[in-house]
Amino acid sequence: MEVTAIIEKIKTYTNEKLAHSYLQQYLDSPELDEDKVYFLTLPFPFHISEEQIKAISTTLLIEVALETHESIRNQNSEQFKEQQLTVLAGIYFSGLYYQILAKERKFKPCKVPSFWY
């Protein structure tokens, strides 16, 4: 399988997890950084298993959760609902990370690559 196909498979899986109808009504959908996805696929140049896709996806989900929380800024009261939903979206995305790990019975902590921050 080509690297581009692997990247698309990971992005599709992760975006399916990120899709939440209520959040999509009020917030922009999070964007996955293709460079980060690419670097996470480097250990799997020709074949990637479903377990490896889930492992990479958990890293991307926690990345999105952290970026979502970092996007909060002081806003006026008119934007209060959006700010609250943004915080809740970050918590939701973090929860997706733990949900996948729990389903796969992977209880060892996964570290988010710190070089991204």
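**Close-up views of a predicted model**

**View 1. Contacts of Phe93.** Phe93 touches Leu18, Leu23, Pro30, Leu61, Val64, Ala65 and Thr68, leaving aside residues up to four places away in sequence; contact means heavy atoms within 4.5 Å. The model is predicted: local features need pLDDT of at least 70, side-chain atom pairs count only at pLDDT 80 or more, and totals for chains, interfaces and linings use all residues. Residues are numbered from 1 along each chain as its sequence is written, and side-chain values use heavy atoms, with hydrogens and water left out.

**View 2. The largest nonpolar core.** This core has 25 residues, and Ile10, Leu60 and Phe93 have the most contacts inside it. Such a core is a set of buried (under 20% relative accessible area, 1.4 Å probe, protein chains only) Ala, Val, Leu, Ile, Met, Phe, Trp, Tyr and Cys residues joined through side-chain atoms within 4.5 Å. At least two residues of the core come from each of H1, H3, H4 and H5; helices are DSSP runs (H or I, at least four residues), numbered from the N terminus.

**View 3. Helix H4, residues 50-70.** The 21 residues of H4 should span 30 Å at 1.5 Å a residue, and the end C-alpha atoms are 30 Å apart, which agrees; the expected span is 1.5 Å times one less than the number of residues. Among the buried residues of H4 are Ile53, Ile56, Leu60 and Thr68. Their cover includes H1, helix H3 (34-41) and helix H5 (80-103).

**View 4. Lys11 in helix H1.** Lys11 lies in H1 and counts as buried because its relative accessibility is 14%. Lys11 touches Leu32, Glu34 and Val37, not counting residues up to four places away in sequence.

How values were computed
Buried means under 20% relative accessible area, exposed over 50%, partly exposed in between (1.4 Å probe, protein chains only).
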